[in-house]
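Good morning, and thank you for coming. I would ask you to look at the sequence and the structure while I speak.

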Amino acid sequence: MLEDRTLAGFSATPWPAAYPRGYAVVDVETTGLARDDRIVSAAVYRLDARGEVEDHWYTLVNPERDPGPVWIHGLTSETLRGAPLFADIAEEFGARLADRVLVAHNAVFDWQMIAREYARAQREAPVRQRLCTIALAKELALPLPNHKLESLAAHFGVVQRQAHHALDDARVLAEAFRPSLRAAAAGGVRLPLLECRPLTEWSDRPVSRQSSGGYGGHRQSSWRPSRKRPACPYPNPGRYEAGKRLKQGMRVAFSGDTSTERELLEDRAVEAGLHVSASLSRLTSLLVTNDPDSGTSKAVKARQYGTPVVDEAAFGQLLGDVEPADGR
């Protein structure tokens, strides 16, 4: 019924010419959330320009390691043992992503996992833009109790059959994305498209026995984005004030180790409309660090300038409710 009303409102309105010509709605299940975790299953629903399903695809992936939280995704080592390696499915996966906007719920996570897998395979994912359905829900001001996938699905009357199964999660998201897309088109809403920066530099280097706690065989991987981030489109509203919300345009700097990968934190901040700064100055709105008393240059400057400081956990909570920039 809700989609019928959206279509009725759209019928007299031309489809926005600037909207993409096709979408790839993606979900991946993984061994965990860290830099070295791997994909264990992946699904893609291809949609046309107006959100209609063209086809869908699903595959298991052998992660070449422990499958991680089996109680979440249900995929055991035995199930995955005969599955193809990511390198074996990279071409077919890529063919389903090519020339489309990647759509996912918390898209930065899915994109990072996919980009790393392609980097391991010494290839580049054919994706140039992504759209996060959380960000789109915020642009549409949907009255959701939270931004979980099940809440978005319930809002549009989409029934989940098997949560945390990549194929069903992708189906649910595709069915919820279609009315979201049409509501955006009917209202002339700008789609929150972000650039996907390929991870083209990848290294796999052994860690010393001392630094790896005596396990000399452990190998540590690292990736580096190939391009700089786009400029933040919002003006800096000033410093963060304790107890209040972050506001789009605020300049945020990071210092020290974080439990969540730094690039993932930074991308989440960018998607929320914040300006991620590589340095700290008197204009910095907030420093995120788990060790505010450290001697890093950013921590020292923050103390000198009186820059507000929060830890990673507090920053994660603040990201969940960022105030729109003035005029939005």
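Let me begin with a definition: two strands count as a pair if DSSP finds at least two bridges between them. The model on the screen is predicted.

Consider strand 9, residues 251-255, and strand 11, residues 286-289: they run parallel and are joined by four bridges. Within this pairing, Ala-253 has Leu-287 of strand 11 as its bridge partner.

Helix 9, residues 262-271, packs on the sheet, where it touches strand 9 and strand 10. The direction of helix 9 makes about 170 degrees with that of strand 9. Helix 10, residues 297-305, also packs on the sheet. Helix 10 touches strand 9, strand 11 and strand 12, and its direction makes about 140 degrees with that of strand 11.

What is the order of the strands in this open sheet? The four strands follow the order 10-9-11-12, with parallel pairing. Strand 10 (275-277) and strand 12 (309-310) each have a single partner strand, so one side of each is left without a neighbour in the sheet.

I turn now to confidence. The protein chain has an average pLDDT of 85, and 86% of the residues score at least 70. Over residues 4-10, however, the pLDDT is below 50, and this stretch has ten contacts in the model beyond near neighbours in sequence. Residues 203-227 also have a pLDDT below 50, with 49 such contacts.

Finally, the cysteines. A search of the whole structure finds zero disulfides. Cys-196 is buried, with a relative accessible area of 0%, whereas Cys-232 is partly exposed, at 22%.

Terms used:
Residues are numbered from 1 along each chain as its sequence is written. This is a predicted model: local features need pLDDT of at least 70, side-chain atom pairs count only at pLDDT 80 or more; totals for chains, interfaces and linings use all residues. Side-chain values use heavy atoms; hydrogens and water are left out. Helices (H or I, at least four residues) and strands (E, at least two) are DSSP runs, numbered from the N terminus. Contact means heavy atoms within 4.5 Å. Axes are lines fitted to C-alpha atoms, for helices over the stretch in contact, and angles run from 0 to 180 degrees between N-to-C directions. pLDDT is the predictor's confidence in each residue, from 0 to 100. A disulfide is a pair of cysteine sulfur atoms within 2.5 Å. Buried means under 20% relative accessible area, exposed over 50%, partly exposed in between (1.4 Å probe, protein chains only).
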